Amino acid sequence: MTSTPSAGIPTLSGRPVAASLRDAWGLSRQLVEHFIEHVASCGTLPDDVLHGDVVTVTRVCVELATSMFDGRDTAEQVARVRAAATEWAREGIPIDTIQRAVFEGVTICFDLVFAQATADDHAVVVPTARRLLEVFDAIASAVSLAYVKEFRAVVSEHHTAVHTLTSALLGGHPTATMARECGLEIAPAYHVLALSIPPHRDEGDPRIDGRVVARRKLRRVQAELATRCGESALSLLSVDGGTILLPAPEFDDDRLDDLTARLARAAQVPIRATVVHAAPEEVPGAADRAHELLDIVHRLDCVPGLYRFDDLALEYQLTRPGPGREYLGSLLDSLDDYPDLLVTLQRHIANNMNRQRTARTLHVHTNTIDYRLKRVGQLTGFDPNQPSGLWYLRSALVARSYRSVRGG
């Protein structure tokens, strides 16, 4: 909505109506504090949203109100409100939270405007109140239109060519005809990445809406993927991970490692990933294998980063059912009564046998780590400080995790 200039600026008690709204920054901060206290779902939003975007957009809304009272054009402010609402819609911030905050904000502005009114201002009260309703309509309409437009785009995106081709490749039935219809090409080979994205620290904060935090995390990952790979990346991702297909000719090993690190920085969480190389017709099997490898990475509690099949070939083979897995899984039975020894062994191997790092992780002295590893060797018959003993113990950890979960 764009206001049209009026014949004159209205006044109350000799002051311009908008005079109480001039300190846009100060008023916007007061309004946001009010939102946190009185709009229930607003207080659950992440702090960077509340004291960043929300304060800024609230200031824009205050300036919009001032411009309407002064008879100035408001097109720029309305456009900024729409842009902010579009971004909030993408991040999953509930529209009822925004609309309730708008209502509360206009109500406070109403009180401020009429705080100094007297009986002599009767003739100005009605048109001023009407103008405040126009302010509310302008902001609420901008928010609603932006939300509707963005959600339509999201629904449409689900049926875009990229999603269609990705699903076809993972389903094992892509065709050249389909690719042409999508306006895309099937690469001669793909890097198939399986990603695990852990919860952001704020997702567990009871004061914050964890769903909003999770969706913002996913949005950042998707934006970083688009920035680094453009339309060449095909992905099916959720807030806790998923699968990415990258054309092999365009991505060498170094670039894959760099991409994984950048996605982790964007998500603000440590990401574990695995990758398997495959021809188009092999993508379904490669995706299954990549996620199996990712499961191994989790079971071994490996440090975050990108792992290839070559890194985990032995561990992968150990997960196959059979007498070998059963035997290896039993090698650690002697540690059942010593959980601290088993945890120490797991963490030590996950930390690439770095005593200092393992000690910091477990909050103990390095001498304690040495003692526990010595006890592991005494109880199992395999010395974790010797290559052969470490090989058996690492293999036993893998086999044991599958034996305990799958029952052999």
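The crossing of α13 and α14 is right-handed, a crossing being right-handed if the near helix is turned clockwise from the far one by less than a right angle, and left-handed if anticlockwise. The model is predicted: local features need pLDDT of at least 70, side-chain atom pairs count only at pLDDT 80 or more, and totals for chains, interfaces and linings use all residues. Residues are numbered from 1 along each chain as its sequence is written, and side-chain values use heavy atoms, with hydrogens and water left out.

**Domains**

The protein is divided into domain 1 (11-154), domain 2 (157-319) and domain 3 (323-401), with bounds from an automatic or database domain assignment. Between the centres of domain 2 and domain 3, taken over C-alpha atoms, lie 31 Å. Their contact (heavy atoms within 4.5 Å) takes nine residues from domain 2 and 12 residues from domain 3. About 1000 Å² is buried between domain 2 and domain 3, and carbon and sulfur atoms give 56% of this area; buried area is the accessible area (1.4 Å probe) that two parts lose on being put together, summed over both. Of the area that domain 2 buries against domain 3, R299, L300 and L318 supply 49%, more than any other three residues.

**Helix pairs**

Helices are DSSP runs (H or I, at least four residues), numbered from the N terminus. Axes are lines fitted to C-alpha atoms over the stretch in contact, and angles run from 0 to 180 degrees between N-to-C directions.

| Helix pair | Angle | Axis distance |
|---|---|---|
| α1 (24-38) and α2 (47-70) | roughly 125° | within 8 Å |
| α13 (339-350) and α14 (355-362) | about 130° | 9 Å |
| α13 and α15 (366-380) | about 105° | 9 Å |

The angle of roughly 125° makes α1 oblique to α2; angles under 35 degrees count as roughly parallel, over 145 as roughly antiparallel, 65 to 115 as roughly perpendicular and the rest as oblique. α1 passes α2 in a right-handed crossing. Residues of α1 in this contact include W25, L31 and F35, and those of α2 include L50, V54 and V62. By class, the contact of α1 with α2 has 11 nonpolar, four polar and four charged residues, where Ala, Val, Leu, Ile, Met, Phe, Trp, Tyr, Cys and Pro count as nonpolar, Asp, Glu, Lys and Arg as charged, and the others, Gly among them, as polar.

In the contact of α13 with α14, V343, T344, R347 and H348 meet R355, T358, T361 and L362. These residues divide into two nonpolar, four polar and two charged.

The angle of about 105° makes α13 roughly perpendicular to α15. Their contact divides into six nonpolar, two polar and three charged residues.

Definitions and conventions:
Helices (H or I, at least four residues) and strands (E, at least two) are DSSP runs, numbered from the N terminus.
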